[in-house]
Amino acid sequence: MRMKFSDVLCLVARILVGGVLIYAGFMKAVGPSAEFAAAIAAYKILPPAFVSPLALGLPYVEMWIGLFVLTGFYARKAAVLAAALFIVFLIALGSARIRGIDLASCGCFGSNLLSPRAEILMDVVLLALSLVIYRLSKYPTPWSLDRALQ
């Protein structure tokens, strides 16, 4: 069986999007939740009562969505959820930049790895890849659980 370019593109996109979500969620889950909560609070978007629950829950949501994307399990639905996450991240980062909030760390990977500007660019690319996954997973692709369970 010969692989189509679209199948390979979908697989690469799934690996990138799923891998980043799993890694980002894992780094936040194993780090101190107070550190991630402080990063969330720095955005000045949410009421203080929502910051700690979000800091505790978001890493696991990211890892689950990443796992579904990576394995191709409910690939289209997982791609929509991943795209929604990246849109929320872009809104938060863009809002902070527009309001002149200087974020030492965006909190995206737990500790300070990339600048907020680099994170915006990465989120745009990952959002586009999530949309590619959605588009190309209309029919289950090779190397996906959707196809294996068909």
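The crossing of H3 and H4 is left-handed. Helices here are DSSP runs (H or I, at least four residues), numbered from the N terminus. The contact takes in Leu-58, Glu-62, Ile-65, Phe-68 and Val-69 from H3. From H4 come Ala-78, Ala-79, Leu-81, Ala-82, Leu-85 and Phe-89. Contact means heavy atoms within 4.5 Å. By class, the residues joining H3 with H4 are 10 nonpolar, no polar and one charged. Nonpolar covers Ala, Val, Leu, Ile, Met, Phe, Trp, Tyr, Cys and Pro; charged covers Asp, Glu, Lys and Arg; the others, Gly among them, are polar.

A word on the source. This is a predicted model, in which local features need pLDDT of at least 70 and side-chain atom pairs count only at pLDDT 80 or more, while totals for chains, interfaces and linings use all residues. Residues are numbered from 1 along each chain as its sequence is written, and side-chain values use heavy atoms, with hydrogens and water left out.

Now the geometry of that pair. H4 spans residues 75-98. The axes of H3 and H4 come within 9 Å and cross at roughly 140°. Axes are lines fitted to C-alpha atoms, for helices over the stretch in contact, and angles run from 0 to 180 degrees between N-to-C directions. The angle makes H3 oblique to H4. Oblique is what remains once angles under 35 degrees are called roughly parallel, over 145 roughly antiparallel and 65 to 115 roughly perpendicular.

Stay with Phe-89, which sits in helix H4. Phe-89 counts as buried, at 16% relative accessibility. Buried means under 20% relative accessible area, exposed means over 50%, and partly exposed lies in between (1.4 Å probe, protein chains only). Leaving aside its neighbours within four places in sequence, Phe-89 is in contact with Leu-58, Glu-62 and Asp-123. The C-alpha atoms of Phe-89 and Cys-108 are 8.6 Å apart, and 19 residues separate the two along the chain.

Glu-62 leads on to the next feature. Its side chain meets that of Lys-28 in a salt bridge, at 2.7 Å from N to O. Lys-28 lies in helix H1 and Glu-62 in helix H3 (residues 48-71), so the pair ties together parts that are 34 residues apart in sequence. The count comes to one salt bridge, by a rule that asks for a side-chain nitrogen of Lys or Arg within 4 Å of a carboxyl oxygen of Asp or Glu. Lys-28 is buried, with a relative accessible area of 5%. Glu-62 is buried too, at 2%.

Helix H1 (residues 5-30) packs against helix H5 (residues 116-136) at an angle of about 135°, with their axes 9 Å apart. That makes H1 oblique to H5. The crossing of H1 and H5 is left-handed. On the H1 side, the contact is made by Ser-6, Leu-9, Cys-10, Ala-13, Arg-14, Leu-16, Val-17 and Val-20. H5 supplies Met-122, Leu-126, Leu-129, Ser-130, Val-132, Ile-133 and Leu-136. The residues of this contact divide into 12 nonpolar, two polar and one charged.

Pro-116 also lies in H5. Pro-116 is buried, with a relative accessible area of 14%. Beyond its neighbours within four places in sequence, Pro-116 is in contact with Leu-93 and Leu-103. Pro-116 and Ala-42 are 74 residues apart along the chain, and 12 Å separates their C-alpha atoms.

Turn next to H2 and H3. Their axes come within 9 Å and cross at roughly 115°. H2 passes H3 in a right-handed crossing. Ser-33, Phe-36, Ala-37, Ile-40 and Ala-41 in H2 meet Val-51, Leu-54, Ala-55, Leu-56, Leu-58 and Pro-59 in H3. This contact holds 10 nonpolar residues, one polar and no charged.

Lys-44 lies in the loop between helix H2 (33-42) and H3. Lys-44 has a positive phi of about 55° although it is not a glycine. At 62% relative accessibility, Lys-44 is exposed. Trp-143 is found in the loop between H5 and helix H6 (145-148). Trp-143 is not a glycine either, yet its phi is positive, at about 65°. Trp-143 counts as exposed, with 54% relative accessibility.

Technical notes
Helices (H or I, at least four residues) and strands (E, at least two) are DSSP runs, numbered from the N terminus. A crossing is left-handed if the near helix is turned anticlockwise from the far one by less than a right angle, and right-handed if clockwise.
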